[in-house]
Amino acid sequence: MILINQPEKGIWPQLISRPSEDNSVIGLRVSEILADVKERGDAALKELTFKYDNVSVETLCAGKEELKAFALNISDQLKAAIEIAAKNIEMFHKAQRCIEVDVTTTPGVRCILRKVPVERVGLYIPGGSAPLFSTVLMLALPAKIAGCKEIVLCTPPDKNGNINPAIAFAALRAGVTEVIKAGGAQAIGAMAYGTESVKRVDKIFGPGNQYVSIAKQMVSSKVSIDMVAGPSELMVIADKSSIPQFVAADLLSQAEHGADSQVILLCDTEELARDCFNEIQIQKESFSRKIEIDGALSASKVIVFRERIDMAEFANYYAPEHLILAVNNPWEMADSITAAGSVFIGNYSPESAGDYCSGTNHTLPTNGWARSSGSLSLDSFMKTITFQEITEKGIEALAPVIISMASAEGLQAHRYAAEIRVNNKQ
């Protein structure tokens, strides 16, 4: 991590840059994969699963009894932890339900906004060295609460063609209706276009590697996606009230996601910056994902700002996926935060709590998208429909407005649709 002291605003654009890679080669390969799945369906899906995951899958769909068998292989302790996390996530997302809007805008003119669930959603869940069974809860539980009728989950099988036991257990707990043994860009293609075994979905959710992320972007003209998600990122704002050991632990917890992740520490003194950096060096030696951590730290920064107002302004400019406010009077600073995916208040709020079990959703905007978009929520699994009912009295009131505006835009048929109603009342 490099240390930067009191940077002038002129160099802030450089400081908020994220690690970037040339994805042109990957993009070409992803395009080929998607075209293959679209053309050959299940055959392509099975061949690509063998090619990239080195496993031969006879049946793509995992049945409920098969999932139950896989789920037997996790400990009672983990089952209990998943249950607590699930209950907290359910509680927070159920609280997001809202009543429909029903307003009379003008006498005789009634306007309604009603939220209805997306019918069929597709969830992508990474497997491999870090199987994200927590993401199953974060995606499937809100989908179920929203009322989505069909919840499809795609995840790569292991070398024996099995689903990760924790993913299987979480899928059963969260109410997933179908589980498909397929990962990578080919799974995104299957959900976007449909195959013999996988019916096309209406919206795709979930994180993944570069292949998955690029595939989601490529199919987004055909099917909705949750968001364009990049590598994980965390910003910590610390002052003399923070605990360096905690700060270091939080930065490392995010750095271990991958070498392309980024962590940023904002401090009010160089002394605190050095204390946190020294703690990072000590703690990281006990973790197994050292390659990922070192890669992330190489593209990360420690920035010293003397004034809190500069810290908050820079945080909004960077727009982090995760933001920890380990400062005195953190809520005072929180009130000035306008661009962040999820904010963690005080010394005892680790980012990993949001990842797993506090109740908020861990599917968040990255790469500065928090300036204009927010966390996945219950609304992500719903769509809005508006209704309007206009009586004779109502059209009499609105017709002059319609006629005037339609005439100004040169749309005669629009004008006539109003005129004919007021001139030919029954």
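Strand β11 (residues 262-267) is largely enclosed by the rest of the structure, because six of its six residues are buried. Buried means under 20% relative accessible area, with a 1.4 Å probe and protein chains only. Helices (H or I, at least four residues) and strands (E, at least two) are DSSP runs, numbered from the N terminus. The model is predicted: local features need pLDDT of at least 70, side-chain atom pairs count only at pLDDT 80 or more, and totals for chains, interfaces and linings use all residues. Residues are numbered from 1 along each chain as its sequence is written, and side-chain values use heavy atoms, with hydrogens and water left out.

**Strand β11 and its neighbours**

- Q262, I264 and L266 are buried on one side of β11, and V263, L265 and C267 are buried on the other.
- Strand β10 (residues 233-238) runs parallel to β11 and is joined to it by six bridges; two strands pair if DSSP finds at least two bridges between them.
- L234 stands opposite V263 in β11.
- Strand β12 (residues 301-304) also runs parallel to β11, with four bridges between them, and V302 in β12 is the bridge partner of L265.

**The three-stranded sheet**

- Strands in the order β3-β4-β15 form an open sheet with antiparallel pairing.
- Its edge strands, β3 (101-106) and β15 (382-390), each pair on one side only.
- Strand β4 (residues 109-117) is joined to β15 by nine bridges, and V116 has K383 in β15 as its bridge partner.

Key: Buried means under 20% relative accessible area, exposed over 50%, partly exposed in between (1.4 Å probe, protein chains only).
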